[in-house]
Amino acid sequence: MAGVGSSVPATVLTNKDLEKLVETNDEWIASRTGIRQRRILGAGESLSEHAARAGERALEMAGVVAADVDIVILATSSPDDVFGSACQVQALLGASRAVAFDLTAACSGFVLALVTGTQYIRTGTAKNVLVIGADALSRYVDWRDRSTCILFGDGCGAVLLSAHEGACSLLGSSLHSDGNGQKHLKAAFAGKGNKALDNGVASTAGAFDNILMNGQEVFKFAVRAVPTVVEAALADADLAVTDIDWLLLHQANQRILDSAAQRLGVAPERVVSNLANYGNTSAASIPLALDEAVRSGSIAPGSTVAMAGFGAGLTWASAIVKW
Ligand code: ACO
């Protein structure tokens, strides 16, 4: 992991602002989730631009130029284009030699993209892989649904993976999914009637629904799955919980972070959290928090970081990395 960067929209939506939209209050949101404010992609802003900016910052830190990037993997569930946004990000970066593609695995997307990118490095297929987590779930939020609209925010984070002799940042991993749990958290395509074609054939017309979530089921799933998947990734790395310097989980809810840390036996001061400022930014949350922690000096070179993403799919995944 040679560089990290992030970019978030300028528009801030506070809990107080949400009090004007739904029956809620700052105290309820902060005590149940830890969130105080989130960023929202404004009209005219594109997710691809923020993803590219996050990528640029990661390249800058690594001292690598865009022309030397071999692969761009964009983890997102809310691209600017239904065909994917990775190629747009590639164009904005000027990474003209790279092949770019999207990877969709909701809030586990960044961890899955990181593990995917590492495979290209390990096999010698690529020297520089830019892994970006980017989401604007505000696009799919029902602003009348107080059980979901308080949670999500928009943002992007990126990590540059570079080949180095004898060293690999990814020490171990554990990746899972279970489609049987899709009903608990989804933003599904909703057919809204048929478009009749000239030859009498009818094709489905429609759009994606807003986010539907059974918060309590997702909560129970997360507090069960996260400690287990981190332990499995640690076992894959031949490490123990005591070897972890930092626990960096998908930023969904402070209570989930606290519960997972407690079950694992990780001290609260070793848990990275920026939920208060950004809310749940889906695939962006881990690299966004990593960027802040690295630039502020809390995550120092050589630190062992246990990451875990979890969310829609259902998906859950952990990667143990050496920063
Ligand atoms: N403001 C005020 N009251 C509210 C709000 C709100 N925003 N939302 C719900 N309430 C009320 C409910 O109506 C309920 O009232 P009642 O007791 O009169 O029926 C009460 O508060 C408690 O509701 P619960 O749903 O039991 O609240 P809970 O403590 O479970 O917190 C929350 C809800 C924050 C959504 C929690 O369940 C949670 O964080 N779940 C996990 C969600 C998550 O992480 N999702 C993202 C996964 S990542 C991805 O893939 C996108």
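I take helices as DSSP runs of H or I with at least four residues and strands as runs of E with at least two, numbered from the N terminus.

**Basis.** I am working on a predicted model, in which local features need pLDDT of at least 70 and side-chain atom pairs count only at pLDDT 80 or more, whereas totals for chains, interfaces and linings use all residues. I number residues from 1 along each chain as its sequence is written.

**Four-stranded sheet.** I traced an open sheet in the order E8-E15-E14-E13, with mixed pairing; two strands pair if DSSP finds at least two bridges between them. Strand E8 (170-177) and strand E13 (246-249) each have a single partner strand, so one side of each edge strand is left without a neighbour in the sheet. Neighbouring strands here are turned by 10 degrees against each other on average, direction ignored. E8 pairs with strand E15 (residues 315-322) in the antiparallel sense over seven bridges, and Ser-174 has Ser-318 in E15 as its bridge partner. I then followed H6, which packs on the sheet and touches E8, E13, strand E14 (304-311) and E15. Contact here requires C-beta atoms, placed from the backbone, within 7 Å. The direction of H6 makes about 40 degrees with that of E15; axes are lines fitted to C-alpha atoms, for helices over the stretch in contact, and angles run from 0 to 180 degrees between N-to-C directions.

**Five-stranded sheet.** I traced a further open sheet, also with mixed pairing, in the order E1-E7-E6-E4-E5. Its edges are strand E1 (3-7) and strand E5 (99-103), each with a single partner strand, so one side of each has no neighbour in the sheet. The twist from one strand to the next averages 15 degrees. Strand E4 (residues 71-75) and strand E6 (residues 128-136) run parallel and are joined by five bridges. Leu-74 stands opposite Ile-132 in E6.

Conventions
Contact = placed C-beta atoms within 7 Å.
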